[in-house]
Amino acid sequence: MRVDVAIRSARDLTAAARKARILPLSREEVLKVGTLSRIGLSDAEVGRFTTQLSSILDYVGKLRELDTSGVEPLAHALPLHNVLRPDEPRTGLAPEQALAGAPEASGDFFRVPRVLDEGVSA
Amino acid sequence: MTAADLLPTIGLEVHMHLKTRTKLFCGCPVRYDARPNSCVCPVCLGMPGVLPVMNGRAVELAVRMALALGCAIPDLAKWDRKHYYYPDLPKNYQISEYDQPLGIGGFLDVETPRGAVRVGITRVHLEEDAGKLMHDERGGNFSVVDLNRTGTPLLEIVSEPDIHGAEDARAYAEALRQLAVYLGVGDCHLQLGQMRFEPNVSLRIGTGPDGKPRYTPISEIKNLNSFRSVERAVVFELARHRQEYVANPAEYTLENLGKETRGWRDDEGVSFLQRSKEEAHDYRYFPEPDLVPFVPDRAWVEAVRATVPELPQGRRRRFISEYGLPEYDAGVLTAERGVADFFEKVAGLVKDPKTASNWMMQDVMRVLNERKAGIADLGMTPEALAELVSLVKQGAINRNKGTEVFGKMLASGKPAGEIVRQDGLAQVADAGAVEAFVDQALAANARTVEDYKGGKKAALGRLMGEAMKASGGKANPQLVREILLRKLGG
Ligand SMILES: [Zn+2]
């Protein structure tokens, strides 16, 4: 959904923005993002996402038109700081409730595909 | 460059759970013995639409630790999202501090057999712990996850590569634990996973043509959870680096091979290469939009600084200089804050630090060691011990009876004076009565008396013992000795 919106908006990019355009994403970059997100991508998907993700970057790249050389980087968009909570316990969820939405459970545990973290033997 | 010139160069990342009642961003209790997935809520389960709210106590404890380590507290700290996908991390990102941590640039002085070593502290920051992932023991093709630990406040302390040996790495880790416990910042129970270590190990291999030091590749050893494994893993890794470097000095360098992540198999005592770690940019850090920055008020920082008690090293030195305690005793009495506080209370009440130290070392520490208990579980107040020490000092009972009374106080919870009265343990210091005990001993041990007169000075101790026994252990030993010497010499 978001991607579609982004593409439509991207079509409206001004000529100036096109000039400031970030280099299009490569297939390798898309594959890498897929790996980092633990998502397997088919060849067709890699092609499609290369176009779509490039469009999103173009859209956001519009911000590059602004001259921000004299502007301090912001840590946060809200003019707030030090929002702190007292260290007081509150009742949360029972295990049954916590596990109710899990694709798979095993007793009181979430159940996930086997994770091997043995690595390469030295 | 020979193998002997290779300088071990070690930095340590230490993670510790903070002593809070609740998690970092939600009110779920921090518990270690709870039913799996019973200390969770939508926030720490990473449900969409929830809002984390920072635990003020966790920030305070983090700043207290940072101050005790001599860190500066910058004017702004912020949190960032660190992205990676793993089943124990329900949000698929960890909230951590990337480039603006709570504390920067401190140090810790560590006692080693070769004297004090100063280890620089790069940074101290506050982040959240992940859940626990366990592999199915029955060989099933799945793993299980308990998210009770998810979101537990975790303090990360990163040292400079100032450590030059495995023993020192261990000593540094132990000193950090002692400090955190002293400060009340964490309990640091290793068996509960409240403290974990990641040494970065390499060897300095002299200087390059540019005059800058060169190193073997850096090995980051992940997730060690005992002091022993820190020491063993570093020893192993240093030896492995030395071997690799000697075999191939041109290739085995940091410039060529960079940094690698290794695991540690404690049962086999070997490290092993793990999947190449994602680079910092692969974590796609960005400022956490759900948490606003922390801008410490300077008066507040000073108030936190005021809660930092006298630290173990300084206190140890003061016990030596102010109370005249031997170095060893001062070390034992300051190893734990509770013991040091207890001792100082007793010393103040009896106005005699050396005698108070003697009681702590001989009686209190013996009982704690036997019971493997902490001072809080002694079952005796400093005031109660001070009463007993005073009774001995005043000569109401002798020192040996004092130890007996100490045991009875622990067993019954009664005050020393009452036990002395009820059990008739008061010291016999009446010269006539003591003389009678001495006479009894001399009469019953004619052979020993002959031995003494024949020049065996050790026989005096035996006669002392016999006379004390005759008194039921209650005679004033000083008086027994005086009368005995007079009779034997006369
Ligand atoms: Zn929670």
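1. Helices (H or I, at least four residues) and strands (E, at least two) are taken here as DSSP runs numbered from the N terminus. On that basis chain A holds five helices and three strands, in the order α-α-α-α-β-α-β-β from the N terminus on.

2. This is a predicted model, in which local features need pLDDT of at least 70 and side-chain atom pairs count only at pLDDT 80 or more, whereas totals for chains, interfaces and linings use all residues. Residues are numbered from 1 along each chain as its sequence is written, chains are lettered from A and ligands numbered from 1 in the order in which they are written, and side-chain values use heavy atoms, with hydrogens and water left out.

3. Chain A has 122 residues, of which 25% count as buried; buried means under 20% relative accessible area, exposed over 50%, and partly exposed in between (1.4 Å probe, protein chains only). With contact defined as heavy atoms within 4.5 Å, residues 24 or more positions apart account for 51% of the chain A contacts with a separation of 6 or more.

4. The interface between the chains takes 38 residues from chain A and 61 residues from chain B. Together the two chains bury about 4,300 Å², 55% of it on carbon and sulfur atoms; this buried area is the accessible area (1.4 Å probe) that two parts lose on being put together, summed over both.

5. Four salt bridges are counted between chain A and chain B, a salt bridge being a side-chain nitrogen of Lys or Arg within 4 Å of a carboxyl oxygen of Asp or Glu. R35(B) pairs in this way with D108(A), the closest N and O atoms being 2.8 Å apart. E88(A) forms a salt bridge with R21(B), where the corresponding distance is 3.3 Å. This pair crosses from the loop between β1 (84-85) and α5 (95-100) of chain A to the loop between β1 (7-17) and β2 (54-55) of chain B. E88(A) is partly exposed, at 45% relative accessibility, and R21(B) is also partly exposed, at 48%.

6. Over all chains the count comes to 52 salt bridges. In chain B, K487(B) forms one with E435(B), with the closest N and O atoms 3.0 Å apart. The pair links distant parts of the chain, 52 residues apart: K487(B) lies in helix α16 (residues 477-489) and E435(B) in helix α13 (residues 431-444). Elsewhere, salt bridges that share partners join E310(B), R315(B), R318(B), E322(B), D341(B) and E344(B) into one network.

7. A nonpolar core is a set of buried Ala, Val, Leu, Ile, Met, Phe, Trp, Tyr and Cys residues joined through side-chain atoms within 4.5 Å. The largest has 83 residues, and those with the most contacts inside it are M65(B), L69(B), L126(B), I157(B) and Y172(B). Its largest share, ten residues, comes from helix α2 (residues 166-183) of chain B. A second, separate core of 40 residues includes A386(B), L391(B), V405(B) and L425(B).

8. N92(B) has a positive phi near 70 degrees and sits in the loop between β3 (80-83) and β4 (93-96) of chain B. K372(B) has a positive phi near 50 degrees and belongs to the loop between α9 (353-371) and α10 (382-393) of chain B. N92(B) is partly exposed, with a relative accessible area of 26%, while K372(B) is exposed, at 77%.
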